[in-house]
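Here's a quick briefing to read alongside the coordinates.

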Amino acid sequence: MSERQTSRGMCVFCKQLYTGSGMGRHLQSCPARQAAIAAEQKARGTSTTLFHLYVKGTYAPLFWMHLELPATATLWELDRFLRDTWLECCGHLSAFTIEGTSYELDTDGIDAMWPEFFGQRERPRSMEVRLGSVLRPGLSFSHEYDFGSTTYLTLKVIAARKGVWRKQDRIRILARNELPDFRCQECGRPAVWIDTFGDYDLLCEECAGERDEEGFLPVVNSPRMGVCGYTGEAY
């Protein structure tokens, strides 16, 4: 991936394209979003504090999302969303680190052996903690998925507001990057595969077919692209 490449995503309210950081500023003043918030106040539901989060790949910042979710949600719910949307492949361990405290989810999966080899990390807390008790506007924190071939995410609380949240609502995606324009390193056509058994070359369908080997994973819109057995989001 080119370090000079940027990615843009569409605001779900006004359908305009912005970069990840630009989207954060836009969402605070977007007229279409303000209209949606005004209409929301008339809907049935529970009035609560809502957090606006910006999440991106720490080492793959081309991939990002802006999310909204209630302060009553738990870190476990946020972790599950990140797994389903960007990360889940083999039931790995995961953890948030917030102001020096680790909140870990032990799946008893493939990563359970790591403490035996490297020793137990500082005793973590459970993810069954509400966001409102650990987050505040302006706070940055991190997330790790898979302690072997780790995908690192950086999250920031952009803002908090009072709003209406219905029980059936899921975490809201306010904006998400569109798939970057990855090109085949052999011919320059759109890439659809990444060769994980080689030099992680990005390849089109035809050029990938010329390589007599296994280890191809699809090009997907996720910072976990090309890692472990990840093939795309769960929903």
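What follows is a short tour, from the overall fold down to single residues.

This is a predicted model, where local features need pLDDT of at least 70, side-chain atom pairs count only at pLDDT 80 or more, and totals for chains, interfaces and linings use all residues. Numbering starts from 1 along each chain as its sequence is written, and side-chain values use heavy atoms, with hydrogens and water left out.

**Overall build**

- The protein chain has 5 helices and 13 strands; these are DSSP runs numbered from the N terminus, with helices being H or I of at least four residues and strands being E of at least two.
- Its radius of gyration is 19 Å, close to the 18 Å from the globule rule for 235 residues, so the chain is as compact as a globular protein of that length. That radius is taken over C-alpha atoms, and the rule is 2.2 Å times the number of residues to the power 0.38.
- Along the principal axes, the C-alpha atoms fill a box of roughly 60 × 45 × 30 Å.
- Take contacts (heavy atoms within 4.5 Å) between residues at least 6 apart in sequence: 58% of them join residues at least 24 apart.

**Surface and charge**

- Of the 235 residues, 46% count as buried. Buried means under 20% relative accessible area, exposed means over 50%, and partly exposed is in between, using a 1.4 Å probe and protein chains only.
- The chain carries 27 positive and 31 negative charges, and their mean positions sit 15 Å apart. Lys and Arg count as positive, Asp and Glu as negative, while His and the chain ends are not counted; the charge is placed at NZ of Lys, CZ of Arg, CG of Asp or CD of Glu.

**Cysteines**

- Searching the whole structure turns up 0 disulfides, a disulfide being a pair of cysteine sulfur atoms within 2.5 Å.
- For Cys-184, the nearest cysteine sulfur is that of Cys-187, 3.7 Å away. Cys-184 is buried, at a relative accessible area of 5%.
- Cys-204 is in no disulfide either, and its nearest cysteine sulfur, that of Cys-207, is 3.6 Å away. Cys-204 is buried, with a relative accessible area of 5%.

**Positive phi in loops**

- Lys-15 lies in the loop between β1 (8-11) and β2 (17-19). It is a residue other than glycine with a positive phi, near 70 degrees, and it is partly exposed at 48% relative accessible area.
- Tyr-200 lies in the loop between β11 (193-195) and β12 (201-203). Its phi is also positive, near 60 degrees, and at 46% relative accessibility it counts as partly exposed.

**Inside the fold**

- In helix α1 (residues 20-29), the buried residues are Gly-20, Gly-22, Met-23, Gly-24, His-26 and Leu-27. Their cover includes β1, β2, α2 (31-40), β3 (46-57), β4 (64-70) and β10 (172-177).
- Leu-53 belongs to strand β3 and is buried, with a relative accessible area of 0%.
- Not counting residues up to four places away in sequence, Leu-53 touches Met-65, His-66, Leu-67, Leu-69, Leu-78, Leu-135, Lys-156 and Val-157.
- Leu-53 and Ala-71 are 18 residues apart in sequence and 11 Å apart in space, C-alpha to C-alpha.
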